[in-house]
Amino acid sequence: MNKLFFRLLVLLMSLSLIGIILVQVYWFNNSFENNDEQFKFHVKQVLGNVAEKIQKQEAYNFYDKINHYKDSTGKVPKRDDILEFYYVQKNPKTNKTIIYSNSIISEDYKISPSFFDKKFDSEKFKTFSAKRVTEVYSDKSIDKIGGSQSLIPDIKIEKSGNLNVLDNASFEIFYKDFASVLPIQERVTKETLNKMIRKELLESGVDTKFEFSVYNNNLATNVKSGDFKYNKEATYSIPVFTDNEGNSKYQLLVTFPQKKKFLLSELVSITILSIVFTLIIIIAYSSALNQLIRQRQISEIKNDFINNMTHEFKTPIATINLALDAIKNPKIIDDKDKVLRYLQMIKDENKRMHAQVENVLRISKLEKKELDISKESNNIHEIIEDAIDHVNLIIEDRQGTIKCDFKAVRTTVLINDVHFTNVIVNILENAVKYSPNTPEIEILTENIKDMVIIKVKDKGLGMSKVAQKRVFEKFYREHTGDIHNVKGHGLGLAYVKRIVDDHNGHVYVESEKGKGSTFIIKLPLIN
């Protein structure tokens with residue numbers, strides 16, 4: 001995968017993820033606004049119903065009082081004929097005359113001011129009734145009028161009854177005029193108002209805390225709940241107790257202190273699911289991106305590994321070929337010392353290649369958990385001295401030195417002597433490789449609590465902070481300019497970490513660029 005395609009792929013994936021998040025945010029805001037509109041619609045409906053019901057209840061209370069008054073006084077109301085209407089029609093075909101009459105009568109009730117426990121002037125309350133008569137006369141009955149006989153219709157139909165329309169209109173005008181002078185607390189109580197609002201809200205599905213107040217010309221009255229506070233964003237109002245002209249000086253205000261919480265509660269389940277799925281996408285994306293970057297890094301590291309392995313195998317192979325060609329030379333084959341020298345060179349180079357192959361196989365077996373590591377009680381100082389013997393020739397060839405400062409008193413640990421010797425050898429070889437000048441190595445030991453600490457210090461190239469974090473990864477090697485200027489294939493320290501981990505120990509490095517490195521191993525002691 002080339003760099004341009006890789007960057008384009010990462011860019012497209014990032015844009016897609018950002019787009020998904022933005023769509024989720026847009027959806028949430030849109031849903032919240034829709035819920036807010038629905039909430040507003042339901043609350044307006046509720047307030048309208050409450051305003052209508054408290055006015056109807058007030059009218060009913062007045063109507064009930066007046067009915068009781070009419071029944072209890074026993075007085076005959078004053079009657080007035082306020083309208084009398086006649087209609088006469090003669091049918092020439094049937095020689096019949098139809099006379100229709102309609103009379104509207106009002107009954108006036110004088111209501112004393114003591115009835116309402118108020119010092120008002122006497123009020124009059126009217127009820128209305130109607131009497132309708134239809135009479136049919138023939139010519140014969142009309143001809144008899146000249147005699148002493150009275151006019152008697154052939155057919156007479158009489159109907160009477162209350163005029164509910166006029167009664168209702170008269171009553172509404174009367175009670176609204178009367179109620180308009182009453183104080184608001186006598187027209188409706190806060191307990192009644194609270195009960196009505198709560199009932200209507202629950203029926204509309206709005207189950208959240210509310211506070212209310214009745215205002216008179218923008219001034220608060222005593223009809224209000226205890227914690228009412230006006231909030232422009234969460235307060236709704238409607239006129240109540242309109243008069244005969246359709247005006248109202250009272251406003252019912254209802255506020256919802258937990259409006260946002262209520263609106264969010266309706267979205268909480270779907271929002272949590274949305275957040276969970278978005279987080280899964282983000283985690284999956286981050287993981288995929290991390291894997292892509294790691295695969296790319298591993299690919300580069302493997303390329304370096306192959307190049308280094310090729311370079312390191314080419315030299316011993318070339319040396320072996322040259323040694324074999326030399327032995328074949330008739331002049332050399334008879335020289336026993338030279339033959340032995342060349343055979344030793346072949347053996348050394350073969351051993352070098354075998355060691356490299358063994359390193360690869362050991363790491364592979366460790367990862368597959370196929371490497372059998374049996375542990376026994378050993379003295380760590382003896383293991384360190386044995387490892388020093390393995391690298392002495394290399395250090396002497398570089399004219400280097402190894403200093404030991406064994407301060408640990410308790411040195412018995414449970415380890416595999418072969419593998420742990422290889423661990424120390426790998427760290428020492430690493431110190432030699434990365435010392436451009438004469439290698440100066442120092443090995444220290446000490447006891448801390450129930451642990452033995454082993455420190456291997458060198459004065460070599462040192463390493464960066466990034467390299468310190470990754471130095472124990474398989475195939476990792478920090479670039480030092482030319483990838484072949486320091487021999488190795490990035491497996492030695494990976495092997496070190498796997499062996500130390502298997503011994504329940506810890507290994508890490510402290511280093512500063514240009515000032516050398518210190519590898520530190522911590523192992524548990526046998527109590």
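Aspartate 386 sits in helix H10; helices are DSSP runs of H or I, at least four residues, strands are E runs of at least two, and both are numbered from the N terminus. This is a predicted model, where local features need pLDDT of at least 70, side-chain atom pairs count only at pLDDT 80 or more, and totals for chains, interfaces and linings use all residues. Residues are numbered from 1 along each chain as its sequence is written, and side-chain values use heavy atoms, without hydrogens and water.

Aspartate 386 is partly exposed, at 33% relative accessible area. Buried means under 20%, exposed over 50%, partly exposed in between, with a 1.4 Å probe and protein chains only.

Now the negative patch. Its members are Glu376, Glu382, Glu385, Asp386, Asp389 and Asp417. Patch residues have over 30% relative accessible area and no salt bridge, with like charges joined within 9 Å and nonpolar side chains (Val, Leu, Ile, Met, Phe, Trp, Tyr) within 5 Å. Helix H10, residues 380–397, gives the most, with 4 residues.

Next, salt bridges. The rule is a Lys or Arg side-chain nitrogen within 4 Å of an Asp or Glu carboxyl oxygen. The count is 10.

Take glutamate 52 and lysine 56: their closest N and O atoms are 3.1 Å apart. Both lie in helix H1, 4 residues apart, about one turn. Glutamate 52 is partly exposed at 42%; lysine 56 is exposed at 54%.

Aspartate 450 pairs with arginine 410 at 3.6 Å. Aspartate 450 is in the S12–S13 loop and arginine 410 in the S10–S11 loop, so the bridge ties together parts 40 residues apart in sequence.

Definitions and conventions: Accessible areas come from the Shrake-Rupley method with a 1.4 Å probe; for residues, only the protein chains shown count as cover. Lys and Arg count as positive and Asp and Glu as negative; His and the chain ends are not counted. The place of a charge is taken as NZ of Lys, CZ of Arg, CG of Asp or CD of Glu.
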